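Let's walk through this model together, from a covalent link to helix packing and then to the pockets. Keep the viewer open as you read.

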Amino acid sequence: MQRALAVALGVAVVAAPWLIGAVVPRQQRYIVHVLIFTALFAALALSYDLVVGHVGSLSLAHPAFFGIGAYTAGILATAARWPFAADLAAAVLAAAVVAALVGVPLFRLAEHAFAVGTLGLGLVAWIVANNWVEVTRGPLCITGIPKPALGPLAITTLPAYYWLVLTALIGVVALYRGLTTFRLGRAFHAVRDNEPLAGAAGIDPLKYRLLAFTVGAAIAGGVGALYAHYLSVMCPEEMTIGLTVNLLVIVFLGGVGSLRGVLIGAVLFTALPEILRVAPTWRLVIYGALLLLVVVRSPEGIESLLRRATGARAR
């Protein structure tokens, strides 16, 4: 039964643009646009959860890696005329290299100092993007970023971009599961739960924290590239501390360290405010009240509610 439901849900997700076009054709563009943002935020939140949820390091630098990827792709696509696949790879690599370089000294810091250090990195990245006008165009933004093209296939329609982003999200989910399960996942959790004991067992905490930090940054850079190509513009305002707050809400709302919880958190964070537009005056009040209700009823996130409900049915 559960497998049949999972298959049906997967088919519905893949066929979403067609189903929406058949049911509400006038709203298709808007709804598919929301779904694209949902997939982008889900992939970005999963990359963030690798660091926060699985190795237990509160990083506030994710907007920097997102911005590095977005600006790398935007600059290479507009100024150097690189093809989409090449600038996407460069965006992933640039974010990963920066994370690896800054991660070594940052992870030498204590827990709270590490958070402050990553916050400083995010602020420095925003200042550079805002003031290095010759390269980033500063407040004028990088504009005219072309739509992606994979060989002869140009991705110019919203459904096509939805399927591209959905494919990227599936790849991120597969990578996330591969990193957080099996032996590598157990090493991550050992470092998170008891770092001295992990070190005594022969697990190098710095190595595994740096691995999660670098892979998370690489994914964030790739998501930034997809984001820039989708909107065709990249501005410094897209990489402020507000993005970190959004990611924290998604991760802690859904459930830290949970694949299913983070995906549900991303859906609620992006889709629910749009649904509540039917009550524009009270939209944010209702949304805030719902978030508060979840936090009060289940401090560990929606994932813990689902586990309790599954356990109750099993009994």
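Which handedness does the link of Cys 141 and Cys 235 have about the S-S bond? The link of Cys 141 and Cys 235 is right-handed, with 110° about the S-S bond. Before going further, note that this is a predicted model, in which local features need pLDDT of at least 70 and side-chain atom pairs count only at pLDDT 80 or more, while totals for chains, interfaces and linings use all residues. Residues are numbered from 1 along each chain as its sequence is written, and side-chain values use heavy atoms, with hydrogens and water left out.

Back to the sulfurs. The structure holds 1 disulfide (a pair of cysteine sulfur atoms within 2.5 Å), and it joins Cys 141 to Cys 235 with S to S at 1.9 Å. The two ends come from distant parts of the chain, 94 residues apart: Cys 141 sits in the loop between helix 7 and strand 1 (142-143), and Cys 235 in the loop between strand 4 (233-234) and helix 12 (241-254). Helices and strands here are DSSP runs numbered from the N terminus (H or I, at least four residues, for helices; E, at least two, for strands).

Now follow helix 12 to its packing against helix 3. Their axes come within 9 Å and cross at roughly 80°; axes are lines fitted to C-alpha atoms, for helices over the stretch in contact, and angles run from 0 to 180 degrees between N-to-C directions. Helix 3 and helix 12 are therefore roughly perpendicular to each other (65 to 115 degrees; under 35 is roughly parallel, over 145 roughly antiparallel, and the rest oblique). Residues in the contact (heavy atoms within 4.5 Å) include Phe 41, Leu 44 and Tyr 48 of helix 3 and Leu 247, Leu 248 and Val 251 of helix 12. By class, this contact has 11 nonpolar, 2 polar and 1 charged residues; Ala, Val, Leu, Ile, Met, Phe, Trp, Tyr, Cys and Pro count as nonpolar, Asp, Glu, Lys and Arg as charged, and the others, Gly among them, as polar.

On a 1 Å grid over the protein atoms alone, a pocket is an open set of points where a 1.4 Å probe fits, with protein on both sides within 12 Å along at least five of seven lines; lining residues have an atom within 4 Å of a point. Grid points are joined across faces, edges and corners, and a volume is the space filled by probe spheres set on the points. Of the 28 residues lining the largest pocket, Leu 9, Val 13, Leu 166, Leu 169 and Val 267 are the closest to its centre. Helix 1 gives the most to this lining, with 8 residues, and the lining divides into 24 nonpolar, 3 polar and 1 charged.

The second largest pocket has a volume of about 290 Å³. Its largest share of lining, 7 residues, comes from helix 4.
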